[in-house]
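Let's take a walk through a protein chain together, from its overall layout down to single residues. Please have the sequence and the 3D view open as you read.

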Amino acid sequence: MSPLLTALVSVGVALVCVVVTMTVTALRARQLGVVAVVDVAWGLGFVLVAVSSTVVAYAAAADSWRTLLLLALVAVWGGRLAWHVRSRALGEHQGAEDPRYAEMLGGSLPEVGMAEAVRRVFLVQGVAQWFVSLPVAVGAVLLIEPGWSWLVWVGVAVWAVGLYFEAVGDRQLAAYKKQPRESRPKVMDQGLWGWTRHPNYFGDACVWWGLWLAGGLASGWVAGLATVLCPVAMTLFLRNVTGAKLLERKMSQREGWDEYAARVPMFFPRPPRR
């Protein structure tokens with residue numbers, strides 16, 4: 001099988017995986033009456049794509065050491081994210097709907113109906129998940145461009161920075177929320193949250209820029225250019241769609257938010273200012 005055909009097969013299998021993931025998730029959401037279960041499926045869906053791409057690579061004898069590396073990077077990121085989101089849903093939200101989705105849909109799932117949730121959440125996130133995963137689906141089955149293996153390690157470094165911001169930011173926020181409301185600061189501005197108002201979302205974007213470098217660009221200019229819009233889409237999705245911008249509509253109502261927002265950047269970090 002030619003490299004191009006193998007890559008197309010991998011991309012097609014990735015699409016099937018995403019359709020299955022979002023279909024199962026939508027059925028589970030209907031059962032629970034909560035759209036937010038899609039956030040757990042977000043990380044796990046990428047892991048499923050990475051696994052399927054690895055299977056395609058080995059089946060087509062197109063595997064390399066980078067195939068397993070990409071699988072490991074996605075599995076660590078996606079597994080951690082899914083576990084964190086599930087723990088937050090059962091703890092902080094106690095199984096209730098995430099306010100972001102209630103605002104996006106204009107009500108709860110029983111109020112707006114499953115068709116509206118599929119159209120505005122599951123379909124959108126499914127398309128985004130498949131598109132963003134393309135550097136992994138392609139990189140898993142293609143050979144590294146001769147002399148470009150250094151890009152893989154640059155990508156791993158960017159991925160590691162992203163994972164740090166995401167995991168540490170999540171942990172710092174969880175510790176803040178455990179403090180008594182009357183004694184903790186009105187707005188979380190400690191640690192990474194003093195560098196950016198959304199270290200977890202910034203970290204998520206870095207993870208996928210790193211995977212593009214390691215999986216897409218390291219496969220050559222053609223693969224790199226063909227997939228460069230994938231991390232761009234992820235960054236825009238995190239900043240402007242279901243991520244930072246949507247969350248700030250609620251957070252901006254808190255006391256002390258305006259002062260915090262004036263000195264801490266929304267997305268891209270910079271050293272704290274007092």
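From the N terminus on, the elements run α-α-α-α-α-α-α-α-α-α-α-α-α. That makes 13 helices and zero strands; here helices (H or I, at least four residues) and strands (E, at least two) are DSSP runs, numbered from the N terminus. What you see is a predicted model, in which local features need pLDDT of at least 70 and side-chain atom pairs count only at pLDDT 80 or more, while totals for chains, interfaces and linings use all residues. Residues are numbered from 1 along each chain as its sequence is written, and side-chain values use heavy atoms, with hydrogens and water left out.

Now look at the chain as a whole. Its C-alpha atoms fill a box of roughly 65 × 45 × 25 Å, taken along the principal axes. For 274 residues, a compact globule would have a radius of gyration near 19 Å, and the 19 Å of this chain agrees with that. The radius is taken over C-alpha atoms, and the globule rule is 2.2 Å times the number of residues to the power 0.38.

How much of the chain is buried? Buried residues make up 51% of the 274 residues, where buried means under 20% relative accessible area, exposed means over 50%, and partly exposed lies in between (1.4 Å probe, protein chains only). The accessible surface comes to about 13,000 Å², and 67% of it belongs to carbon and sulfur atoms. Such areas come from the Shrake-Rupley method with a 1.4 Å probe; for residues, only the protein chains shown count as cover.

Contacts tell you how the chain folds back on itself. Of those between residues at least 6 apart in sequence, 80% join residues at least 24 apart; a contact means heavy atoms within 4.5 Å.

G78 sits in helix α3 (residues 65-91), and because its relative accessibility is 0%, G78 counts as buried. Which residues does G78 contact, leaving aside its neighbours within four places in sequence? They are G43, L44 and V47. G78 and W42 are 36 residues apart in sequence, but their C-alpha atoms are 7.8 Å apart in space. The other glycine, G43, belongs to helix α2 and is buried as well, with a relative accessible area of 0%. Not counting residues up to four places away in sequence, G43 touches W77, G78 and L81.

A search of the whole structure finds 14 aromatic pairs. Rings of Phe, Tyr and Trp (its six-membered ring) pair if their centres lie within 6.5 Å; planes under 30 degrees apart count as stacked, over 60 as edge-to-face and the rest as tilted. The rings of F46 and W208 have centres 4.5 Å apart and planes at 45 degrees, so this pair is tilted. The pair links distant parts of the chain, with F46 in helix α2 (residues 37-59) and W208 in helix α9 (residues 199-216), 162 residues apart. Both F46 and W208 are buried. Another aromatic pair, F202 and F267, is edge-to-face, at 6.0 Å centre to centre and 80 degrees between the planes. This pair also links distant parts of the chain: F202 is in helix α9 and F267 in the segment after α13 (257-263), 65 residues apart. F202 is buried at a relative accessible area of 10%, and F267 is buried at 2%.

M251 is buried with a relative accessible area of 16%, and its C-alpha atom is 8.9 Å from that of V187, 64 residues away along the chain.

Finish your walk at A61, in the loop between α2 and α3. Is A61 buried or exposed? A61 is exposed, with a relative accessible area of 66%. A61 also has a positive phi of about 55 degrees, although it is not a glycine.
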